[in-house]
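Subject: The two-chain model, with notes

Hi there,

Here is the structure I promised to pass on to you. Could you open it and keep it beside you while you read my notes?

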Amino acid sequence: MPTIIFIEPDGVEYPIAVKSGTTARDAAVNNSVPGIDGDCGGECACATCHVHVDAAWMARTGMAEPGGMEANLLQFAEGSTENSRLACQITMTDDLDGLMLRIPDGQH
Amino acid sequence: MTTDTLVGDPASTVPLSQMDVSDPKLFQSDMIGSYFARLRREDPVHYCPESAYGPYWSVTKFNDIMQVEVNHQTFSSEAKLGGIALQDMQSGEAALELEMFIAMDPPKHDAQRKAVSPAVAPSNLVLLEPIIRERAGIILDSLPIGEEIDWVDRVSIELTTMTLATLFDFPWEERRKLTRWSDVATSTPETGVVSSFEQRREELLECAHYFKGLWDQRVNEPPKPDLISMMVHSPATRDMPYLEFLGNLILLIVGGNDTTRNSISGGVLALNQNPAEYRKLMADPDLIPKMIPEIIRWQTPLTHMRRTALMDAEIGGKKIRKGDKVVMWYLSGNRDDEVIDRPNEFIINRPNSRHHLSFGFGVHRCMGNRVAELQLRIIWEEILKRFSKVEVVGAPERTLSNFIRGFTHLPVKLYVH
């Protein structure tokens, strides 16, 4: 079971162990991590599960594909950076065990 | 349409091939629900070959709507193709050729949206919250106790207009102009709000002229966090042609006005129609944040958004042809029991209450959704502090529109703790 560590803007950490194949969005929503609403249900359609991938993990998660729906949506999200991803588009594997995802300030 | 003169329930007797859900009267009488229920059951992607708005497709199921929402490459919002509502934006009589980013496709849409979206971003809203709360308190404290008042006029319109005036930094004493322009922008002569398309045109030009004055004033001032100042100073919007300037202003006015206004009224009605839920709320005001999305789903203040197919496509097994008008009925998708459990019940602590279609999805998702939720949360927090009951004491009057789902009158009486 790989673990994701969600980090709130004030530094509070939420480590969550999930089955491989679970998306980071589902992990957050099912465990009531504040600041990740995931309104569209994980369809890559709303950008309410915006996270900043910790720099050390970017190589493994990759960036949002330029010109794709995820990148289209992220451009309107507040505080969007090169490290921005939608958590619904990150599927957990053993390789991502320990993944650190920061919740942007003011996702609410 | 003669639906109101038929014997029996026309929603179940009219042949599917003749079913036309675009009649504004069906929405005003709130009879539309049974029509949509039948379409979801019998013909979820339905073609209406003839209507006052020409032929159109109705997409009525939640997941089919989502599929159209996220495919903006196929389903266009472009104004020149008709735009985002059943009623074509640039059809003959209405011919004020407004342009607004809600009715544009990427990439132009993206640039303009990005220019104004910081005004309603959460970090800006944090600054707005105490102002909205203070104003909400003043509105509520001015209401008489125990006598009949119109909730629509005294609270819903007043609060949303105040918020909008704050977002625009609009001259305070004249803020009801915003309400009027919003009403005019979404109306046709048949609604009685304006008597002719000429009058509508004149009033909207007056709106443009007024805002041009504010624009000229702010262009010479340092940038501020209001919507006009942002548009004036952003490279994406500062050289906008006149009708595009007017169009985007009207978009922001309507977007921030009608929708929240009607959700404020709709929440009062829903709680009165579901007294057990009202009691639940009074017993536990911490349920408010959870209740707000449920109110927005329940009300669905915009019944639909429309797209135009840029190429042949398929939705729910139906062949859509290039050029076809495709209507996503949010009001129907929000009652789809395949996605929403017990959708015809108003449940203030519904799990997954945020999973609704009222804000749309994809790149056109409502830009002001956080402002809307903020206003609704604050108004309910302030109501609960003051009143033991906001009681609906007469029949609500609903808006004559197939686009805006709202109220023109909601008589209530207030009781204090």
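First, how to read it. This is a predicted model, in which local features need pLDDT of at least 70 and side-chain atom pairs count only at pLDDT 80 or more, while totals for chains, interfaces and linings use all residues. Residues are numbered from 1 along each chain as its sequence is written, and chains are lettered from A and ligands numbered from 1 in the order in which they are written.

**Chain A**

Chain A has three helices and five strands; these are DSSP runs, numbered from the N terminus, with helices being H or I of at least four residues and strands E of at least two. Their order along the sequence is β-β-α-β-α-α-β-β. The C-alpha trace spans about 30 × 25 × 25 Å along its principal axes.

Of its 108 residues, 39% count as buried. Buried here means that 20 or more other C-beta atoms lie within 10 Å of the residue's own, exposed means 12 or fewer, and partly exposed is in between, with C-beta atoms placed from the backbone.

The strands of chain A form an open sheet in the order β2-β1-β5-β3-β4, with mixed pairing. Two strands pair if DSSP finds at least two bridges between them. The edges are β2 and β4 (84-86) of chain A, each pairing on one side only, and the twist averages 35° from one strand to the next. (Axes are lines fitted to C-alpha atoms, for helices over the stretch in contact, and angles run from 0 to 180 degrees between N-to-C directions.)

Look next at the hairpin. Strands β1 (residues 3-7) and β2 (residues 13-17) of chain A run antiparallel and are joined by five bridges. A:T3 stands opposite A:A17, and A:I5 has A:P15 as its bridge partner. Between the strands there are five residues, and A:G11 takes a positive phi near 100°.

**Chain B**

Chain B comes to 16 helices and twelve strands. Its radius of gyration is 21 Å, close to the 22 Å that the globule rule gives for 417 residues, so chain B is as compact as a globular protein of that length. The C-alpha trace spans about 55 × 55 × 40 Å along its principal axes, and buried residues make up 49% of the chain.

One open sheet of chain B has five strands in the order β1-β2-β8-β5-β3, with mixed pairing. Its edge strands are β1 (45-48) and β3 (75-76) of chain B. Strand β1(B) pairs with β2 (residues 56-59) of chain B in the antiparallel sense over four bridges, and B:V45 has B:V59 as its bridge partner. Helix α4 (residues 62-69) of chain B lies across β1, β2, β3, β5 (304-309) and β8 (325-329) of chain B, at about 130° to β8(B).

**Core and contact**

Which residues touch the most other members of the largest nonpolar core? Of its 141 residues, they are A:A24, A:A28, A:A87, B:V59, B:L227, B:I250 and B:I253. Such a core is a set of buried Ala, Val, Leu, Ile, Met, Phe, Trp, Tyr and Cys residues joined through C-beta atoms within 7 Å. Helix α7 (residues 151-168) of chain B gives the most to this core, with ten residues.

Leaving aside neighbours within four places in sequence, A:A87 is in contact with residues including A:A24, A:A28, A:I36 and A:L101. Contact means that the C-beta atoms, placed from the backbone, lie within 7 Å.

Where the chains meet, the contact takes 16 residues from chain A and 18 residues from chain B. The chain A side has six nonpolar, six polar and four charged residues. In this count Ala, Val, Leu, Ile, Met, Phe, Trp, Tyr, Cys and Pro are nonpolar, Asp, Glu, Lys and Arg are charged, and the others, Gly among them, are polar.

Best wishes

Terms used. Two residues are in contact if their C-beta atoms, placed from the backbone, lie within 7 Å. The radius of gyration is taken over C-alpha atoms; the globule rule is 2.2 Å times the number of residues to the power 0.38.
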